[in-house]
Amino acid sequence: MDNIKLTFAIVTYNRRGELELNMNNLIPIAQKYPVEILVCDNASTDDTSTYCKKLTAQYDFISYFRQKENVGYDGNVLSAFTVAKATYVWVNGDTRTIVESEFPYLMDIIQKEEYDSISFHDDKKYDEQLFVTSDLSELLSAEGFRYSLVGSFIIRKPLTDPVVYKQYVNLKFMHIPFLFETLSRKSDTKNRVLSNKYFRLVEDGRKSRTFWNEHTFETFSKCWFHTIMALPNSLSVDSKIKCLKGIPAGHIFSFKSVLRKYALGRVKKADYRIGRPYLEFTSHTSVWLLDMMFFIPRPIVILCVSLVNLFKMK
C-alpha cells in the first residue's frame with residue numbers, strides 16, 4: 001500500500017451488520033483509488049473481529065485495529081487519527097459511507113494535496129462556487145452546526161497531534177476543537193468547503209440508533225454550547241455565536257419537532273431543564289413557547305398530536 005492519499009476510518013462497536021453493509025459499498029471504491037479503509041473496533045463482543053480479519057486477509061487496502069478493551073468513543077476516534085496511514089484522514093461512524101459516483105472529483109482534490117482541511121456543507125452552492133479560506137473564524141461561521149457530525153471534515157494527517165486531541169477527551173463533539181486547535185497551530189492554512197454529496201447514510205431499512213434521542217437538549221444545547229465556546233481564542237466571538245445559532249430553524253429545536261418528540265416520549269422534561277439555560281444561544285425557537293409546551297401534561301399533548309395526525313389522514 002504505497003502512496004496512500006486518503007484513509008477512510010470507521011469507528012465501530014458491536015455493529016457488525018452495519019459495518020458489513022458499509023464495506024460492501026466501500027470495497028469496490030477502494031479497489032480503484034489510493035485509499036485505505038481503516039476499521040477501529042472498540043473491543044466489540046460480537047463477530048466484528050472475525051469479519052474484519054477475514055477482510056484484511058483478502059484485501060491489502062483494509063486495515064483493522066482492535067482496542068484491547070473498550071476505551072470509549074473518544075478514545076476510539078483518537079486511534080483512528082493515530083493509526084491512519086494516508087496523507088489525509090476522514091473519520092466516520094459505521095453508518096456513513098462514500099457516494100461512488102461523486103468520489104472521483106473529491107479524490108482528485110485530495111490527490112493534489114492543496115488543502116489542509118476539507119469540510120462538508122449541506123448547501124449545494126458549494127458545488128457551484130469555490131470556497132477556500134485561511135480564516136478559521138470564517139470557516140467556523142460557514143460550517144456551523146454541520147461540524148456536529150464527526151465525518152464533517154477531512155484533515156491532513158501530518159498536522160494532527162494526539163496530545164491536542166487528548167485535551168478534549170470527554171467533551172461532546174470533541175472532533176471540532178481538535179480540528180480548530182490543530183489548524184490554529186499552523187501559521188497559514190488553506191481550507192476548502194464542499195457540499196456533502198460525497199457521503200451518505202448506509203441504507204439497511206432500519207432506524208438509526210442515536211445516543212441523543214432522549215438527550216436532545218443536553219447534547220445540542222448544553223454540550224454544543226460548551227464545545228463551541230472551548231474553541232481557541234484566536235477564533236472570533238462573533239464566529240462562535242454564529243456557529244452556536246447555526247442549528248437550522250426547522251431542525252431539532254423547532255416547536256413542531258420538539259412537540260412530536262415530547263408526545264412520543266423521546267424528549268424528557270428533565271433533559272429540557274438541563275439544556276434550557278443555553279437555548280438563548282443555540283435555538284431559534286422562543287424559550288417561553290417551549291416552557292409552555294412542557295407545562296402541559298404529556299397525555300394532553302399526545303391527544304392533540306393524535307388529533308392533528310388524524311385530520312391529516314382525512
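I take buried to mean under 20% relative accessible area, exposed over 50%, and partly exposed in between, with a 1.4 Å probe and protein chains only. By that rule I recorded Ser257 as buried, because its relative accessibility is 12%.

**Basis.** The model is predicted: local features need pLDDT of at least 70, side-chain atom pairs count only at pLDDT 80 or more, and totals for chains, interfaces and linings use all residues. Residues are numbered from 1 along each chain as its sequence is written, and side-chain values use heavy atoms, with hydrogens and water left out.

**Entry on Ser257.** I placed Ser257 in helix H11, residues 255-264; helices (H or I, at least four residues) and strands (E, at least two) are DSSP runs numbered from the N terminus. Not counting residues up to four places away in sequence, Ser257 touches His251 and Ile252, where contact means heavy atoms within 4.5 Å.

**Entry on strands S2 and S3.** I found that S2 (residues 35-41) and S3 (residues 62-66) pair in the parallel sense over five bridges; strands pair if DSSP finds at least two bridges between them. Asp41 stands opposite Arg66 in S3. From S2 the chain passes through helix H2 (residues 48-58) to S3, a right-handed β-α-β crossover. Right-handed here means that, with the strands pointing away from the viewer, the path from the first strand over the helix to the second runs clockwise.

**Entry on helix H2.** I listed Thr48, Ser49, Tyr51, Cys52 and Leu55 as the buried residues of H2. They line one face of the helix, because they fall within an arc of 160 degrees seen down its axis; the arc is that of the directions from the helix axis to the C-beta atoms. These buried residues pack against strand S1 (6-12), helix H1 (16-30), S2 and S3. On the other side of H2, I noted Thr50, Lys53, Lys54, Ala57 and Gln58 as exposed.

**Entry on helix H14.** I then turned to H14 (residues 287-295), where Val287, Leu290, Met293 and Phe294 are buried. They are on the same side of H14, because they cover an arc of only 120 degrees around the axis. The face turned away from that buried side carries the exposed residues Trp288 and Phe295.

**Entry on His175.** His175 lies in helix H8, residues 175-184. I recorded His175 as buried, because its relative accessibility is 3%. Its side chain reaches the backbone oxygen of Tyr147 at 2.7 Å. Leaving aside neighbours within four places in sequence, His175 is in contact with Tyr147, Ser148, Leu149, Val150 and Phe153.

**Entry on the cores.** I use nonpolar core for a set of buried Ala, Val, Leu, Ile, Met, Phe, Trp, Tyr and Cys residues joined through side-chain atoms within 4.5 Å. The largest such core has 59 residues, and those with the most contacts inside it are Phe81, Val91, Phe180, Phe217 and Trp224. Helix H9 (residues 216-229) supplies the largest share of this core, six residues. A second, separate core of 34 residues includes Ile62, Tyr88, Tyr115 and Leu194.

**Entry on Val163.** I found Val163 in helix H7, residues 162-166. Val163 counts as exposed, because its relative accessibility is 56%. Val163 and Leu78 are 85 residues apart in sequence and 9.9 Å apart in space, C-alpha to C-alpha.

How values were computed: A polar contact is a pair of N or O atoms within 3.5 Å; within protein, one must be able to donate a hydrogen and the other to accept it, and residues adjacent in sequence count only if both atoms are side-chain atoms.
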